[in-house]
Amino acid sequence: DFLPLFLAESREHLAVLAACAERLEQAPRDRDAAARAVRAARTLAGMADTMGFPRTASLCRALAGAVEPLVGSLGPDAVEALEACRGAVAGSLEAIGSTGRERLQPAALIARLAGLMPAAEPAAQEAAAPPAGTPAEPGDGVDAAGRVVRALLVEAGGSPLALPLDRVQRALSLDRETVRSVVGGRVLVLRDESLPLLDLAGAVGLAPSGSARRAVVVQADRPVAVAVDRLLGQRDLAATPLPSRGRGAALTDAAVLEDGRIALLVDCDALAPGVRSSTTTLVQPPASHVDAGAPPLELAALAH
């Protein structure tokens, strides 16, 4: 029976987290303390996964994913969130030791962590869901709050974003297509139409991408092309709605990825109002500007 060993080692890592939180409260720029906290959280996540406690693992992964980008600059909110997560994990370990089950509701804490991350601003998140497939426990409210969304996961501006798959029409390589600057923005010139081209990161309030190599055509009230850095493939995401008062203009839900990062779900309908109508009328798509031998990337090839 490995449970006693798991509990003993987990408590040691919790002690490390407590010491790091105390140190960071006094010296927020202490990079070593923050890095040790990240390592402890990741170790806890791996141990909890191995022992079959996915909620504890999910919270620890989210903690590591939120603290790592802030190493060297943790503010009071981040330190308080770290300590809150440590306390929640400690409570979960006590429940595991006495009942064999993790009595943990990580959604609000995971969302609190997401709100600390630069990639999540200004959409402070107050709710999130555990990974897909995590069994619900009686009274935890997860089933009522969360939903599974089939999405195309992309990276834009260095952050993971999710586009609802039922809104995705096709994916293209920008290296193979003609992009023109016009009054009101940019257009992507295709064989049969010209579409407004938005930088997805900038459109949802993140730092604009400087290395977009792909475009995804999504259906809003009209088709719109969004430029992204990379296509990460299709995912079934356990997503939970962001609260309306903290929600960004084009962001609706949050989901925790396997690596602990927070992916934000894009509201495609909210993209269209930022596009001037002139961008779809100033350029007509002459066939000579399209490489007929360069077919669009098929979404089927992106499935994981």
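**Note on salt bridges and the strand barrel**

1. At 37% relative accessibility, aspartate 269 counts as partly exposed (buried means under 20% relative accessible area, exposed over 50%, and partly exposed in between, with a 1.4 Å probe and protein chains only).

2. The model is predicted, so local features need pLDDT of at least 70 and side-chain atom pairs count only at pLDDT 80 or more, while totals for chains, interfaces and linings use all residues. Residues are numbered from 1 along each chain as its sequence is written, and side-chain values use heavy atoms, with hydrogens and water left out.

3. Arginine 167 and aspartate 269 form a salt bridge in which the closest N and O atoms are 2.9 Å apart (a salt bridge is a side-chain nitrogen of Lys or Arg within 4 Å of a carboxyl oxygen of Asp or Glu). Arginine 167 sits in the loop between strand 2 (159-164) and strand 3 (168-173), and aspartate 269 in the segment after strand 11 (262-266), so the contact ties together parts 102 residues apart in sequence. Strands (E, at least two residues) and helices (H or I, at least four) are DSSP runs, numbered from the N terminus.

4. The search of the whole structure finds 11 salt bridges. Among them is the pair of aspartate 236 and arginine 150, at 3.4 Å from N to O. Aspartate 236 belongs to strand 9 (residues 230-241) and arginine 150 to strand 1 (residues 147-156), so this pair ties together parts that are 86 residues apart in sequence. Aspartate 236 is partly exposed at 47%, and arginine 150 is partly exposed at 37%.

5. A further salt bridge joins the side chains of arginine 170 and glutamate 193, at 4.0 Å from N to O. The two residues are 23 apart and link distant parts of the chain: arginine 170 is in strand 3, and glutamate 193 is in the loop between strand 5 (185-189) and strand 6 (194-199). Arginine 170 has 27% relative accessibility and counts as partly exposed; glutamate 193, with 26%, is partly exposed too.

6. Five strands make a closed barrel in the order 1-2-11-10-9, with mixed pairing (two strands pair if DSSP finds at least two bridges between them). From one strand to the next the twist averages 45°, where axes are lines fitted to C-alpha atoms, for helices over the stretch in contact, and angles run from 0 to 180 degrees between N-to-C directions.

7. Threonine 240 stands opposite alanine 254 of strand 10.
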